[in-house]
Amino acid sequence: MVEAIDAPLPPTSTTPQVQDISLHGDDPPPRYIVRELPDLSPPSTTIPIIDLSRLLSGDEDGGREELGELKAALTSWGCFQLIGHGIPGELLDEVQVSAKQFFRLPSEEKQMCFRPEDDVEGYGNDPILSDKQILDWSDRLLLKLVPEDTRKLHLWPTNPTQFREVVSGYSDELKRIVEALMKAMARCVGLEEDCFLKQYGGKEMMMSRFNHYPVCPRPDVVLGVKAHSDGSGVTVLLQDDKVEGLQILKEGRWYGVPIIPHALVVNVGDQMQIMSNGIFKSPMHRAAVSATRERYSLAVFHLPDPEVEIGPAQDLVTKELPQQYRNLKNYSAINFDCFQKGEIALDSVKI
Ligand code: OGA
Ligand code: NI
């Protein structure tokens, strides 16, 4: 997997956006070079496809069958392509276009959205949290979507003009979909349907991360996003509609995730692995970059209220499968701490 380089690295508070490095066509600075095996361009494969409209068809045969497929997906890949989700294709296109228009603005015009030094939200490159960190070849815009009353609207783009409206609309749609998925996830392992949702507490959170992967002259040694698992409950990814890049690790091998127009890639995050007592897998994944084509994606992380304790659902703790993880609060803080120490957060909370 990703190895940290040991050489001392220059201070980075002044590092340019990747977009600017890319524009100059320079070789990536050493901080971006990963020594990673195997090959960064593995074969594409079919990951499971789940049809939400079938899932919601209740106890009819189709619904039951789809629930079985969902369980198989969550326990093997830990991810799937979601179709039949009911979000109009035009809205998904508008989200993509709005994100592209924002990222393509010159830096000066994105100033108002720049990530403040003491914040995680806003526009910027991969934030530097540890000396040994290999940087991701990506610029990103992080914006909290939910709870709505905690949105930092001063960091939300006003150019393009439709950005706010389009992203709010997408956020409403995702709230509905994620809730339906959480219920189905509980049902597929025989739990009461609100079992996971209850653990999310009153103030569940949705954090959006718009990713921009500029072209990179060395896609063989640079990653858009290093191998990681998400610290979320679940993540919903709107992939670029033309350029592939997402790769998932399964049983020690990497696979490219193909683009299915208007499908959403859903993956289990660490906190759902914990709540399911390890039955659902939070998959390692990464994003490759290209020497000729820039790529865009939008990840939305759905997270429990950080103030509320989560833990393995009691009905999933059995003699054969004792409790795998301790109960905890604020997994994001644990994740952040572990990242800085070079540790894996999920391992640190394992019993
Ligand atoms: C992420 C992520 C993958 C991609 O933002 O956490 O895994 O394809 N993104 O952009
Ligand atoms: Ni991710």
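Modeller: Contact means heavy atoms within 4.5 Å. Helices (H or I, at least four residues) and strands (E, at least two) are DSSP runs, numbered from the N terminus. Axes are lines fitted to C-alpha atoms, for helices over the stretch in contact, with angles from 0 to 180 degrees between N-to-C directions. The model is predicted, local features need pLDDT of at least 70, and side-chain atom pairs count only at pLDDT 80 or more, while totals for chains, interfaces and linings use all residues. Residues are numbered from 1 along each chain as written, chains are lettered from A and ligands numbered from 1 in written order, and side-chain values use heavy atoms without hydrogens or water.

Biologist: At about what angle does helix 3 run to strand 1?

Modeller: Helix 3 (residues 61-76) lies across strand 1, strand 2 (79-83) and strand 10 (264-268). Its angle to strand 1 is about 145°.

Biologist: What is the strand order of the open sheet?

Modeller: Two strands pair if DSSP finds at least two bridges between them. The sheet has 8 strands with mixed pairing, in the order 1-2-10-7-12-5-4-3.

Biologist: Which residue stands opposite Val-234 in strand 12?

Modeller: Strand 7 (residues 234-238) pairs with strand 12 (residues 295-303) over 5 bridges, in the antiparallel sense. Opposite Val-234 is His-302.

Biologist: How far is an oxygen atom of ligand 1 from an N or O atom in the side chain of Tyr-213?

Modeller: A polar contact to the ligand is a pair of N or O atoms within 3.5 Å. For the side chain of Asn-211 the distance is 3.2 Å, and for Tyr-213 it is 2.6 Å.

Key. Polar contact = N/O pair within 3.5 Å; in protein donor to acceptor, adjacent residues only side chain to side chain.
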